[in-house]
Number of protein chains: 2
Amino acid sequence: MNVFYLPDAQEGSVVLPEEESKHCVRVLRMEVGDGFLVSDGKGFIYDATLEIPNPKKAVVNLSNKRNGYDHWPFRLEIAVAPTKLNERIEWFVEKATEIGIDKIHFFTSFHSERRAINVERFRKIAVSALKQSMKSRLPEIDDIVPLEKLVKKPFNGDKYIAWIDDDVNDNLCDVYKKGSDALILIGPEGDFSLEEANLAITNGFKPVSLGNARLRTETAALAACFTVQLKNQIQPSDFRP
Amino acid sequence: MNVFYLPDAQEGSVVLPEEESKHCVRVLRMEVGDGFLVSDGKGFIYDATLEIPNPKKAVVNLSNKRNGYDHWPFRLEIAVAPTKLNERIEWFVEKATEIGIDKIHFFTSFHSERRAINVERFRKIAVSALKQSMKSRLPEIDDIVPLEKLVKKPFNGDKYIAWIDDDVNDNLCDVYKKGSDALILIGPEGDFSLEEANLAITNGFKPVSLGNARLRTETAALAACFTVQLKNQIQPSDFRP
């Protein structure tokens with residue numbers, strides 16, 4: 001089933017944005033009466049029927065507003081330092097959207113290889129991943145800020161910093177509690193400096209490890225995302241003796 | 001710390017392969033007495049010291065043979081249908097090697113978009129991921145075979161097929177038991193045909209879901225890999241009331 005993205009979706013007749021209209025009418029050659037789904041990126045899915053196949057502003061009728069299958073009862077935000085190779089972070093944005101994430105932050109730090117990002121391109125990648133994976137939630141993607149600014153942003157939940165250090169013995173998959181809101185910091189290729197790690201810790205971030213593998217920045221970010229989603233899916237009974 | 005790959009490593013003086021010698025002497029400009037690590041890809045790591053900086057056949061002294069940090073006490077094999085876009089499977093090979101996997105199988109099936117792979121290129125990608133993530137275990141990568149042949153291969157452990165079907169209620173993260181050996185089949189973009197799924201089931205593969213997200217083939221394959229690794233790391237106590 002095809003999914004189109006319409007941020008201001010509501011039941012009744014609505015007009016698809018130009019890009020979505022073109023995809024619907026020109027690329028997929030949909031005709032009057034054809035059915036598909038519309039996601040508002042805010043957690044809701046609608047049944048849609050094509051009314052006017054205008055390739056610039058297709059009119060569709062939306063009904064049966066409902067929570068997407070991907071509804072999750074917690075908030076997951078990940079903050080990552082962009083990698084030298086931009087495609088690695090684009091990959092993270094796509095995969096994190098597929099697996100499920102509420103917000104992606106980017107930050108610059110002492111060992112950052114890249115200090116500028118094309119946030120609009122990242123948002124496009126997230127939209128296409130949302131459509132591909134039929135998701136109802138599109139992650140917010142913030143433009144890049146210095147780490148010092150990011151760690152001071154208010155966040156109403158548990159804050160973690162994935163940091164490679166001999167003193168860090170807690171594994172995210174153990175300390176993260178099912179159902180809790182989490183913001184997780186993932187360092188750059190050169191890791192955080194000691195000063196940066198201490199700054200995060202004094203701002204309430206708990207140092208955690210992501211397990212016994214040395215991961216690239218973008219892999220670590222996805223691993224953190226996946227750990228939280230999986231911890232929320234595993235049934236406690238699996239571990240009862 | 002730099003890691004080099006030497007499949008037939010043993011303690012004492014050994015010669016690095018030409019490609020590794022070039023990387024060590026020409027690219028990293030290492031000199032006599034410089035130290036690094038050598039991985040044999042079979043689970044062992046050695047301390048290494050450069051003895052003769054020959055850019056074609058560098059001689060290094062290996063000592064302190066030991067298990068890598070990434071030692072895991074179970075066997076994980078994943079079989080996946082190659083994606084239309086080759087880079088997506090290359091990405092899976094890299095990430096699965098980083099996260100930890102023993103063997104990667106490829107198969108053709110009814111809905112396969114791609115029926116040929118460059119297995120040598122995949123092996124090179126795995127080696128570079130092994131070096132990057134300082135791993136001691138290099139996944140075996142088999143050339144592509146038809147699904148009918150793959151499902152009949154003997155495997156001494158639990159066999160799963162990730163299949164999108166209304167009747168499939170078991171989630172891999174629930175049914176997979178910590179410490180057990182697993183072989184997991186991941187279908188092509190068009191999923192398995194009903195006949196293929198039944199063929200796998202009659203050959204002992206248990207249908208499982210990978211959770212409540214619709215994932216691309218390569219994302220599903222990585223999710224399966226990550227699920228098994230994470231399930232083996234989570235402490236049961238996390239779930240005690």
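**Ground rules.** I'm working from a predicted model, where local features need pLDDT of at least 70, side-chain atom pairs count only at pLDDT 80 or more, and totals for chains, interfaces and linings use all residues. Residues are numbered from 1 along each chain as its sequence is written, chains are lettered from A and ligands numbered from 1 in the order in which they are written, and side-chain values use heavy atoms, without hydrogens and water.

**Sheet.** I looked up the strand order in chain A: an open sheet of 5 strands, S1-S3-S4-S5-S2, with mixed pairing (strands pair if DSSP finds at least two bridges between them; strands are DSSP runs of E, at least two residues, and helices are runs of H or I, at least four, numbered from the N terminus). S1 (3-5) and S2 (12-15) of chain A are the edges, each with a single partner strand, so one side of each has no neighbour in the sheet. From one strand to the next, the twist averages 40° (axes are lines fitted to C-alpha atoms, for helices over the stretch in contact; angles run from 0 to 180 degrees between N-to-C directions).

I then checked S4 (44-52) against S5 (59-67) in chain A: antiparallel, over 7 bridges. Phe44(A) has Asn67(A) as its bridge partner in S5(A).

**Helices.** H1 (18-27) of chain A lies across S1, S3 (35-39) and S4, at about 160° to S1(A). H3 (119-132) of chain A also packs on the sheet, touching S1 and S3 (contact means heavy atoms within 4.5 Å), at about 150° to S1(A).
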